[in-house]
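Please keep the sequence and the coordinates at hand while reading.

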Amino acid sequence: MRKIQIFDTTLRDGEQTAGVSFNLQEKIQMAQQLETLGVDVIEAGFPIASPGDFNCVKTIAEIVKESAVTGLARCVEADISRAYEAVKGGVAPQIHTFLATSPIHREFKLKMTQAEVLASIDHHVRYAKQFVNMVQFSPEDATRTEPDFLVKAIQTAIDAGAKVINVPDTVGYTNPTEFGALFRYLRQEIRGFDEVIFSSHCHDDLGMSVANALAAIENGASRIECTINGIGERAGNTAMEEVAMALHIRKDHYQAETNIVLNQLKRSSDLVSHLSGMAVPRNKAVIGGNAFAHQSGIHQDGFLKNPSTYEIITPELVGVSQSTLVLGKLSGRHALFTRLADIGFSIEKEEQQPLFERFKQLADVKKEVSDDDLRAMMSGHLYSDESFCHLESLDVHYNSAAQQLADITIRTAEGERLSGSATGAGSIEAVYNVIDKLMGESVTLKDYRIQSISPGMDAQAEVHTVIATADGSIYHGVGIDHDVLNASARAYIQAFSKQRHATLNTSEVEV
Ligand code: KIV
Ligand code: ZN
């Protein structure tokens, strides 16, 4: 079996998804989960972009011990030194530098000749080599680059000391036949192909990013760049869960394996979906809600006789375990913490009491507490960011024939109580009008989504909000509660809380 390395860029390219931004706490949580998941390299951000991004990469490099941590840098000395400053505290620091090579980027974006591009690659890879041995070079827009010039660019990077060559399909333009052939061509033309790691980085504009990554593996790539749930710029990136599972289920064909701990996939996907506010479609391969649901009678009959008739991936394999233990208000600590461990959460002693109390509150309003409720409870427990302000009380007066009225009290981190009331055409509008007044900030509500966490009348609601401030910055908030108005208020307040948090995080450079 060949070993295929997994390079995760959820925290960098994933954060380039429109409407998504992560704060430091969220990035740390994801990085720790990526480490548990077994990824080989975490691209933690783009350090020159902002002090906030620099701090995220630096903190993650210092915390993560099992995965290598890298930071992105343009072929610019200041970017490369900044990336090094951010990753140098890590166990295995790496620098990822890139420069576009395609004619359209050379002419319109860079205004550089071929010779200038080659000189810049040579200079900046050598510059990065002063700091770390593991220098990765990416010829951006490789798949629209003249093949002979691509060979020259890659050869220049290797001769200057690059240890990893990543071949990006930046605009999601290629297809498996073409991408496979490109790797074969590079393998034939590049001196020292086998001495460096060749990697793929595919975007999903034409829906082929996973197939393209697998074609790269079949033709010489030994590393795949990907993101959890396939989030990323425009239509997103290669979805890690799909590549890892394809290699596992079809090892007869690919003869390759990864270090990914497959039963951590569902948990990783839930976390990224929760923090990014990007819901996973029910029919999503590998980890979607319907991935294990059998609808037709013929399928159900076959499945009951032998699950393998219609199921190639078991729920347990991705970490969706089927439990017969029903948790409710009579359940004790042992049952709760055993079940949490079964679904992948090991809880430190000091965290147990507040969690148990939260569980009891939940069980008071829900007859049965499902695994999905527990995951939501854990996300609320671990990932809520109401550090700058939180909802203290909410009172809504509903009148079907008139405007709705909401009274709200918010408590700030300094302990100050802010109270007010407002009306609106609907209850949520009234609630949001009060919060706007109390926060004293003019924002636009870009997105509001509500979904139920489990079936049943007593299901909890999960609300996601996206707000945009006057300067165009985007913040996402999530609120979970058995009451939709409470969940809506908390989601909105959390978005404001993050906006206050993010003063450090203003982006200065765009990728
Ligand atoms: O899509 C792309 O080309 C990138 C590079 C920076 C690797 O994200
Ligand atoms: Zn990309």
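A donor is here an N, O or S atom within 2.8 Å of the metal, with 3.2 Å applied to Na, K and Ca, and water is not among the atoms, so sites may look incomplete. The model is a predicted one, and under that definition the zinc ion (ligand 2) is coordinated by D13 through OD and by H201 and H203 through NE2, at 2.0 to 2.1 Å.

**Zinc site**

- Along the sequence, the donor residues of the zinc ion (ligand 2) follow the spacing D-x187-H-x1-H.
- Because D13 lies in the loop between β2 (5-8) and α1 (24-37), while H203 lies in the loop between β8 (197-202) and α8 (209-218), the pair ties together parts that are 190 residues apart in sequence.
- D13 counts as buried because its relative accessibility is 2%, and H203, with a relative accessibility of 4%, likewise counts as buried.

**Ligand 1**

- The residues around ligand 1 are R12, D13, H96, F98, S138, E140, N166, P168, T170, H201 and H203, and among them D13, H201 and H203 also coordinate the zinc ion (ligand 2).
- An N or O atom in the side chain of T170 is 2.6 Å from an oxygen atom of ligand 1.
- For H203 the corresponding separation, from an N or O atom of the side chain to an oxygen atom of ligand 1, is 3.0 Å, and for a polar side-chain atom of H201 it is 3.1 Å.

**Barrel and helices**

- The barrel is closed by 8 strands in the order β2-β3-β4-β5-β6-β7-β8-β9, with parallel pairing, and neighbouring strands of this sheet are turned against each other by 25 degrees on average, direction ignored.
- Strands β8 and β9 (residues 223-226) pair in the parallel sense over 3 bridges, and E225 in β9 is the bridge partner of H201.
- Helix α4 lies across β5 and β6 (134-140) and runs at about 85 degrees to β5, whereas helix α7 (residues 176-189) lies across β7 (164-169) and β8 and runs at about 155 degrees to β8.

**T101**

- T101 is placed in the loop between β5 (94-100) and α4 (103-110), and this residue counts as buried because its relative accessibility is 0%.
- The side chains of T101 and T145 are joined by a polar contact of 2.9 Å.
- Leaving aside residues up to four places away in sequence, T101 touches R106, V117, I121, P139, E140, A142, T145, E146, F149, L150 and A153, and of these E140 is also one of the residues around ligand 1.

How values were computed. Residues numbered from 1 in each chain as written. Chains lettered and ligands numbered in written order. Predicted model: local features only at pLDDT ≥ 70, side-chain atom pairs only at ≥ 80, totals over all residues. Heavy atoms only, no water. Helix = DSSP H or I, 4+ residues; strand = E, 2+ residues; numbered from the N terminus. Buried < 20%, exposed > 50% of the residue type's maximum accessible area, 1.4 Å probe, protein only. Polar contact = N/O pair within 3.5 Å; in protein donor to acceptor, adjacent residues only side chain to side chain. Contact = heavy atoms within 4.5 Å. Pairing = 2+ DSSP bridges. Axes fitted to C-alpha atoms, helices over the stretch in contact; angles between N-to-C directions. Near = heavy atom within 4 Å.
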